[in-house]
Every structure is written in structure tokens, then in C-alpha cells.
Amino acid sequence: MSKLINEMKMNFPSKSINESFARTAVSAFAMQADPTINDLADIKTAISEAVTNCIVHGYNCGEGTIYIHAQLFENGKIVFKIKDKGVGIENIKQAMEPMFTTAGGERAGLGFAVMQSFTDKVSVKSTPGKGTTVTLEKSILRYGVRDE
């Protein structure tokens, strides 16, 4: 693994209004790697999906805390861990299938598919009753990390 250059941790209440906050904070952190506009849009979209999953599925739109840990490595890789301490996922493989949703209604069940299409790697760890951690990895090809 490449050398860790910088990292940040934050947490916030599981409210829909905080989804845009998470997008903005994570994109500000990613700016150190000098991403393209497309890379930045990809990161923001993937983070939005992960945070929305915490709100809608992890906490069933109830109260809880969402945790984000971002790490930037010397090789331009950024790793984001988005965590909730909600209901957890019984069957991760099934949950990651496109069109599968436990929320019903207007939900399309494409959250994990979207995350996978906008990042290089998605992994999910979950324990029913204890929560879920989604790890997203994205390499910035124009790599130009400023260690200031």
C-alpha cells in the first residue's frame, strides 16, 4: 500500500439535508489530489449514494449518526469509508444486485450499482443489528497530491 498523505474523519446526523454537506466536504478533501471535474463528480455521486443508503436503509429514515473516514495516499488513491450503526444488511450479495431494494416506493435499488460505476472498487461489511460500512476506492489518474 502506498504512503498515507492525509486523512479526515467526520460524523453527522442521518438527516437528508446532510447528504449535500457530505458531498461538499468529501469533494473539498479530494481536491488535494487535483482531480478532474469528472473525477470529482464521480466521487460526489458515489458518496451521495452511500450516505443516502445509510439514511434510508441503515436508519430507516430515523435518527442515527453517519461516519465518514477519508484517506489520501501518495499514489493518488482515495479511500472513503461510510459507516452507519443501523439495522445492517442480512444478505450483502443480494443487496448489491441492481434493482434490489428493501425500501420500496420510489427507490430503484441502484445505489450500489451507481457506487460501483463511479469508483474503482466497492466493498461492503455489515452485521445485522450493528450497522454497515461501505468502502469506496477511487484513483485519481492525474495524480498531483500537494503535501503542504
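Colleague: What do the side chains of K138 and D42 meet in?
Modeller: The side chains of K138 and D42 meet in a salt bridge, 3.1 Å from N to O; the term stands for a side-chain nitrogen of Lys or Arg within 4 Å of a carboxyl oxygen of Asp or Glu. The pair links distant parts of the chain, with K138 in strand β5 and D42 in helix α2, 96 residues apart. Bear in mind that this is a predicted model: local features need pLDDT of at least 70, side-chain atom pairs count only at pLDDT 80 or more, and totals for chains, interfaces and linings use all residues. Residues are numbered from 1 along each chain as its sequence is written, and side-chain values use heavy atoms, leaving out hydrogens and water.

Colleague: And which residues do salt bridges with shared partners join into one network?
Modeller: D39, D42 and K138. K138 also forms a salt bridge with D39, where the closest N and O atoms are 3.9 Å apart.

Colleague: Is K138 buried or exposed?
Modeller: K138 counts as buried because its relative accessibility is 7%. Buried means under 20% relative accessible area, exposed over 50%, and partly exposed in between, with a 1.4 Å probe and protein chains only. D39 is buried too, at 11%, and so is D42.

Colleague: How many salt bridges turn up in the whole structure?
Modeller: Three. One of them pairs E137 with K77, with the closest N and O atoms 3.3 Å apart, and both residues are buried.

Colleague: Switching to the sheet: what order do the strands come in?
Modeller: The five strands run β1-β2-β3-β5-β4 in an open sheet, with antiparallel pairing. Strands (E, at least two residues) and helices (H or I, at least four) are DSSP runs numbered from the N terminus, and two strands pair if DSSP finds at least two bridges between them. β1 and β4 stand at the edges with a single partner strand each, so one side of each has no neighbour in the sheet.

Colleague: Which strands does helix α2 touch?
Modeller: Helix α2, residues 37–58, packs on the sheet and touches β1, β2, β3 and β5. Touching here is contact, meaning heavy atoms within 4.5 Å.

Colleague: Last one: where does S14 lie?
Modeller: S14 is in the loop between β1 and α1, and counts as buried because its relative accessibility is 6%. Leaving aside neighbours within four places in sequence, S14 is in contact with several residues, including I55, Y59 and G62. A polar atom of the S14 side chain lies 3.0 Å from the backbone oxygen of G62.

Conventions:
Polar contact = N/O pair within 3.5 Å; in protein donor to acceptor, adjacent residues only side chain to side chain. Axes fitted to C-alpha atoms, helices over the stretch in contact; angles between N-to-C directions.
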